[in-house]
There are 2 protein chains.
Amino acid sequence: MEIKDLGEFGLLDRLTRNMKPVNASTCMGPGDDAAVLHYADKEVLVSSQMFMEGIQFDLTYIDMEHLAYKAAMAVMSNIFAMNGQPRQLIVSLGLGKRFKVEDVDQFYAGLSKACDKWNVDIAGGDTTSSYTGLAISLTCIGEAAKDDIVYRNGANETDLICVSGDLGSAYMGLQILEREKTVYYQQVEEYNNKVKEAQRNNEQTRLEALRKERAAIDDFQPDFVGKEYLIDRQLKPEARGDILKQLREAGIRPTSMIDISDGLASELKHICLQSHCGCRIYEKNIPIDYQTAATCEEFNMNLTTAALNGGEDYEMLFTIPIGDHEKIDKMEGIRQIGYITKESLGSFLITRDGNEFELQAQGWPLKEN
Amino acid sequence: MEIKDLGEFGLLDRLTRNMKPVNASTCMGPGDDAAVLHYADKEVLVSSQMFMEGIQFDLTYIDMEHLAYKAAMAVMSNIFAMNGQPRQLIVSLGLGKRFKVEDVDQFYAGLSKACDKWNVDIAGGDTTSSYTGLAISLTCIGEAAKDDIVYRNGANETDLICVSGDLGSAYMGLQILEREKTVYYQQVEEYNNKVKEAQRNNEQTRLEALRKERAAIDDFQPDFVGKEYLIDRQLKPEARGDILKQLREAGIRPTSMIDISDGLASELKHICLQSHCGCRIYEKNIPIDYQTAATCEEFNMNLTTAALNGGEDYEMLFTIPIGDHEKIDKMEGIRQIGYITKESLGSFLITRDGNEFELQAQGWPLKEN
């Protein structure tokens, strides 16, 4: 169905009609000039993220539902990274002409799954046209008691540096997706060349046979055997609200925290910069999944680089007082990777063979290349 | 300066370094995973709007500073339309490769002017690349006491329908900008044809003369004489927070309110739909500026259509109890244009000659044509 047949208001009505808020703080959701929220006893946390087609995502790899789920998890992850609870999501879309109502339905299905997982209400947003691709802007609103909020600037000398889960897996998932895309386009190109040749020579029987070949190419099945975990990490990341719960139950309050969306090195630099401190992390302690390691070898890539600079893991990076060392030792899925130092000592990775390398932060202009 | 020379973090630091929050509710602005806001005694209002290059704006008409000012006013206007005060702005940008650091500086200069006007803090956001043009997503957060909030759904039978300012002027400003753009491109095309001809005939002297002509075309000055007000309305709209103040001072509380961004007809339909009522508005009462009327005649366009369906006026449309009739009569810059009826009576415009036309709502898919 074409979006213009429904119109902007018809579309928004279709998408939001059956939404029932689950949070007491959501007084009124979509349908007026602004959402109305009630946050009397808590601080309000607000985080926005933008996802542009061709930059943050490629719709040849990911469908609308997974894309929405991933984008929602990414922005909720920012609220968790403040030690807060996400409560509302505001959704703005810029839709190129090729998108149909069904695409938007799928997108909202993905959003709903992500929101259901963390009890978040879709409380409003905006939908407009786009001259070309798809632009997504998500704003997540959450809450935290004033004293519970964990900033980036609270790390102290001797604090332990911890990360949840494993690193580099989402990045290696992307490498596999890109490889399979290349394989597919090679097949399409070879096919197109054969067709052109047959047309040039007016070979009707061969053209007939080629038409059948085309169906086989369209049925192209990418080869993900043994890489399922990596593909999952890339296409269906999870915000680590569960880690916050674990920490609270263990009586640990991080001194600083950030989620790992741009790579460990970059995020750790943020913490050090804002906390006015330095750090030492150990290559051997960085948590890496077996599939990540195997795929790095296959692609002839440096494993530590993938773990340090590969983005989109959405794991939690945090610092804790050294006194909590034993408590954190007992917790599953959290790894101590190093410690905080004086600022004057700089930020370094200590390799397996004992060398020290200064950590470098990377932002988005680098990702384009 | 190229954005990649600064990097994402360098750019954000440059833009936000000197920002000092002016609102007590802004506990922490940009620089962490989320902004931290404190809204203990008030309801929180949140509104997001997206602006896509080639759809909502055309950078051949408007510069980055005006664009930012206009976008900020548009989203603040949503908060005013709830009878709230805007307090924070979250800014997300998707920047095509042609944009330089100076463009982003200009954009933030425009944002700052708009924010200064209404004491709003820039509290965070996201900056990323874009495959093609410029994508802007603004989220405005504001506050209102629970009982002060005015929704779209509170209009009652016999309520008076009022609008602030005048309508259709921003739309007619756009028509003039589009005409001048066409004139400019015609000149460029004619010039290019002359150059091609001269090259074909190898006329060196003529080519030399043409090169001088080019400078004159580049100095093209659009003809806005006598249309300054309309151009201003299109390029530098103002959110009508002053109207709310006037109403409060007069002791008037609107029963329903919305800002006019998509045209009077469309917004009035929203109020009627959500308030389960109908309406009658009088063509002769719709406030129209002299320049709007003159330009409509010049363009051979229907004046009432421009006022009903022309967007981006950002005036306030609201309903008040009929008992406030005399109070509103005394207020400058507010016009009573009709009244609310039973739902079963529908929504109609009564023309100067006494005919009734049903009001039609329009959304963005129509604007593309």
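**Note on strand pairing and the A–B interface**

1. I161(A) has G338(A) as its bridge partner in β11(A). This is a predicted model, in which local features need pLDDT of at least 70, side-chain atom pairs count only at pLDDT 80 or more, and totals for chains, interfaces and linings use all residues. Residues are numbered from 1 along each chain as its sequence is written, chains are lettered from A in the order written, and side-chain values use heavy atoms without hydrogens or water.

2. Strands β7 (residues 160-164) and β11 (residues 334-342) of chain A run antiparallel and are joined by 5 bridges. Strands are DSSP runs of E of at least two residues, numbered from the N terminus; two strands pair if DSSP finds at least two bridges between them. β11(A) is also joined by 5 bridges to strand β9 (residues 277-282) of chain A, again antiparallel. There, C279(A) is partnered with I340(A).

3. Chain A and chain B each put 67 residues into the contact (heavy atoms within 4.5 Å). The buried area is about 5,400 Å², 58% of it from carbon and sulfur atoms; this is the accessible area (1.4 Å probe) that two parts lose on being put together, summed over both.

4. The interface has 4 salt bridges, taken as a side-chain nitrogen of Lys or Arg within 4 Å of a carboxyl oxygen of Asp or Glu. One of them links R152(A) and D33(B), with the closest N and O atoms 3.1 Å apart. On the side of chain A that touches chain B, strand β3 (residues 43-52) gives the largest share, 9 residues.

5. L45(A) has V36(B) as its partner in β2(B).

Terms used: Helices (H or I, at least four residues) and strands (E, at least two) are DSSP runs, numbered from the N terminus.
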